[in-house]
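Hello,

Here is the structure I promised to pass on to you. Please have a look at it first, and then read my notes below.

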Amino acid sequence: MSCKMPVEQIHLYMDGELSERDTREMEQHLLSCKICSEQYDGLYRTLQALKSLARKKAPVNLADRVLS
């Protein structure tokens, strides 16, 4: 079983970059396509995990260390 929906469309959907019409179509597609639904779920969980990480300030001299 395969799906021809490009994964980039799922990314655009997640980022809120699709038109209203395309958003509705993607939502319907996710309800009917197990492959895309599982991809979406995995990406969503990854984003949530990344958002939950504590933010730390970069060291003051980081730019100098990277450039050297």
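**Charged pairs**

Glu 38 and Lys 34 are both part of helix α3 (residues 34–52), where they sit four residues apart, about one turn of the helix. Their side chains meet in a salt bridge, with 3.8 Å from N to O. Glu 38 is partly exposed, at a relative accessible area of 48%, while Lys 34 counts as exposed at 56%. Please keep in mind that this is a predicted model.

How many salt bridges does the structure hold? There are three, and Arg 21 takes part in a network of them: salt bridges with shared partners join Arg 21, Asp 22 and Glu 25. In the bridge between Glu 25 and Arg 21, the closest N and O atoms are 3.3 Å apart. Both of these residues belong to helix α2 (residues 20–32), and their spacing of four residues is about one turn of the helix. Asp 22 also forms a salt bridge with Arg 21, and here the closest N and O atoms are 3.9 Å apart.

Glu 25 is partly exposed at 41%, and Asp 22 is partly exposed at 26%.

**Aromatic rings**

Now to the rings. A search of the whole structure finds two aromatic pairs. Tyr 13 and Tyr 40 make up one of them: their ring centres are 5.9 Å apart and their planes are at 55°, so the pair is tilted. This pair links distant parts of the chain, since Tyr 13 lies in helix α1 (residues 7–14) and Tyr 40 in helix α3, 27 residues apart.

Is Tyr 13 buried or exposed? At 18% relative accessibility, Tyr 13 counts as buried. Tyr 40, at 21%, counts as partly exposed.

Tyr 40 also pairs with Tyr 44, and this pair is stacked, with 6.0 Å from centre to centre and 25° between the planes. Within helix α3, Tyr 40 and Tyr 44 are four residues apart, so about one helical turn separates them. Tyr 44 counts as partly exposed, at 40% relative accessibility.

Taken together, Tyr 13, Tyr 40 and Tyr 44 form one aromatic cluster.

Technical notes:
Residues numbered from 1 in each chain as written. Predicted model: local features only at pLDDT ≥ 70, side-chain atom pairs only at ≥ 80, totals over all residues. Heavy atoms only, no water. Salt bridge = Lys/Arg side-chain N within 4 Å of Asp/Glu carboxyl O. Buried < 20%, exposed > 50% of the residue type's maximum accessible area, 1.4 Å probe, protein only. Helix = DSSP H or I, 4+ residues; strand = E, 2+ residues; numbered from the N terminus. Phe/Tyr/Trp six-rings, centres within 6.5 Å; stacked < 30°, edge-to-face > 60°.
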